[in-house]
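Student: I would like to learn how to read a structure like this one. Please show it to me and take the features in turn.

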Amino acid sequence: MITSEHSPTIENVVASTGVDRELNLDAVAEDLDGTDYDQEKFPGAVYRTQNPKSAALIFRSGKIVCTGAKSTDDVYKSLDIVFDELRDLGIDVPSNPEITIQNIVSSGDLGSTVNLNAIAIGFGLENIEYEPEQFPGLVYRMDDPSVVTLIFASGKVVVTGAKEPADAGRALDVISSRLDELGLLD
């Protein structure tokens, strides 16, 4: 079982939303201070919020992707700032646009070093990708929770694909329990 000292830390939350209308990104970038837009490099305008820190990728279609937030609360706060800024520009933004969490990336620690070769064999090869010549970590695709984890020999773990903040903790608990059952955790 993962202890609080080894509980996961959210590194990035990605969410999507939209304003249900096409946007003139040239005008948005010109009028919205701090917006970067170079359609030759990227098809969207990038608007960064500072508190909370995140980046909103605003596309001509009206779709918006928020990335870089450290919590789901920060996603909602950041997007509220973006919506308010767009409204201030005279853009008709729905009162409660639907926001969908697409991916939560977290990091954690098993609390000890691990033998990745033994894990690959013990966990079974059907959900494991481990090619140490290509990548120093073991990729473990989990069904419950439905996430992908990267396990490193140092005991560090990256959890990606989560939809809920608790998914990373559950994933670390499952990995820790399985390693303990197999006698692979110090």
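**Reading the fold**

Tutor: The protein chain has four helices and 10 strands, where helices (H or I, at least four residues) and strands (E, at least two) are DSSP runs numbered from the N terminus. Their order from the N terminus is β-α-β-β-β-β-α-β-α-β-β-β-β-α. This is a predicted model, in which local features need pLDDT of at least 70 and side-chain atom pairs pLDDT 80 or more, while totals for chains, interfaces and linings use all residues. Residues are numbered from 1 along each chain as its sequence is written, and side-chain values use heavy atoms, without hydrogens and water.

Student: Which domains does the assignment give?

Tutor: Domain bounds come from an automatic or database domain assignment. Here the assignment gives domain 1 (14-101) and domain 2 (110-182). Their centres, taken over C-alpha atoms, are 34 Å apart.

Student: How many residues does the largest nonpolar core have?

Tutor: A nonpolar core is a set of buried Ala, Val, Leu, Ile, Met, Phe, Trp, Tyr and Cys residues joined through side-chain atoms within 4.5 Å; buried means under 20% relative accessible area, exposed over 50%, partly exposed in between (1.4 Å probe, protein chains only). The largest one here has 48 residues. Domain 1 (14-101) and domain 2 (110-182) each supply at least three residues to this core. Ile 175 is among the residues with the most contacts inside the core.

Student: What does Ile 175 touch?

Tutor: Contact means heavy atoms within 4.5 Å. Leaving out residues up to four places away in sequence, Ile 175 touches Leu 110, Phe 123, Tyr 140, Met 142, Thr 149, Ile 151 and Val 157.
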